[in-house]
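Trainee: I would like to go through the labels attached to this structure and ask what stands behind each of them.
Mentor: Fine. Look at the sequence and the structure, then ask.
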Amino acid sequence: MTPEQQRAGALEAIERIVNRGGDDDEVLSAVRAVIHNLDRVAVDDPGFVTRVTTLVSAYCTDPEKMRSIFSG
């Protein structure tokens with residue numbers, strides 16, 4: 001699977017998670033799990049990071065929590 005395919009699948013999964021909604025920490029935890037299943041090269045794309053940040057911004061007002069999605 002190419003990094004582009006991984007990013008596309010991850011974004012679809014994240015959109016489903018966000019659309020389903022729920023408690024902030026639960027949503028961020030589910031998004032974090034999706035991100036951690038990707039190859040590092042897929043996560044290092046700035047456009048992908050920007051899109052994920054936009055999708056979860058309503059659930060994450062703490063910058064430290066946002067960073068934790070990508071760093072572990």
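Mentor: One contact list to begin with, and keep in mind that this is a predicted model. Leaving aside neighbours within four places in sequence, Val-52 touches Leu-11, Ile-14, Val-31, Ile-35 and Phe-70.

Trainee: What makes those residues count as being in contact with Val-52?
Mentor: Contact requires heavy atoms within 4.5 Å. Leu-11, Ile-14, Val-31, Ile-35 and Phe-70 are listed as contacts of Val-52 on that basis.

Trainee: Which residues have the most contacts inside the largest nonpolar core?
Mentor: They are Ile-14, Val-31, Ile-35, Val-52, Val-56 and Ile-69, in a core of 23 residues. Two or more residues each come from α1 (3-20), α2 (24-36), α3 (40-43), α4 (46-56) and α5 (63-71). The largest share, six residues, is that of α1.

Trainee: Which residues make the contact between α4 and α5?
Mentor: From α4 come Val-49, Val-52, Thr-53 and Val-56, and from α5 come Met-66, Ile-69 and Phe-70. By class, that contact has six nonpolar residues, one polar and no charged.

Trainee: Why is α1 called roughly antiparallel to α2?
Mentor: The two helices pack at about 170 degrees, with axes 10 Å apart. The cut-off for roughly antiparallel is over 145, so α1 is roughly antiparallel to α2.

Trainee: How many nonpolar, polar and charged residues are in the contact of α1 with α2?
Mentor: Nine are nonpolar, none polar and none charged. On the α1 side are Ala-10, Ala-13, Ile-14 and Ile-17, which meet Val-27, Ala-30, Val-31, Val-34 and Ile-35 of α2.

Trainee: How do you know whether Ser-71 is buried or exposed?
Mentor: Ser-71, which lies in helix α5, has a relative accessibility of 62%. Exposed means over 50%, so Ser-71 counts as exposed.

Trainee: How far apart are Ser-71 and Glu-15, in sequence and in space?
Mentor: The two are separated by 56 residues in sequence and by 20 Å in space, C-alpha to C-alpha.

Note on methods. Residues numbered from 1 in each chain as written. Predicted model: local features only at pLDDT ≥ 70, side-chain atom pairs only at ≥ 80, totals over all residues. Heavy atoms only, no water. Core = buried A, V, L, I, M, F, W, Y, C linked by side-chain atoms within 4.5 Å. Buried < 20%, exposed > 50% of the residue type's maximum accessible area, 1.4 Å probe, protein only. Helix = DSSP H or I, 4+ residues; strand = E, 2+ residues; numbered from the N terminus. Nonpolar A, V, L, I, M, F, W, Y, C, P; charged D, E, K, R; others polar. Axes fitted to C-alpha atoms, helices over the stretch in contact; angles between N-to-C directions. Parallel < 35°, antiparallel > 145°, perpendicular 65-115°, else oblique.
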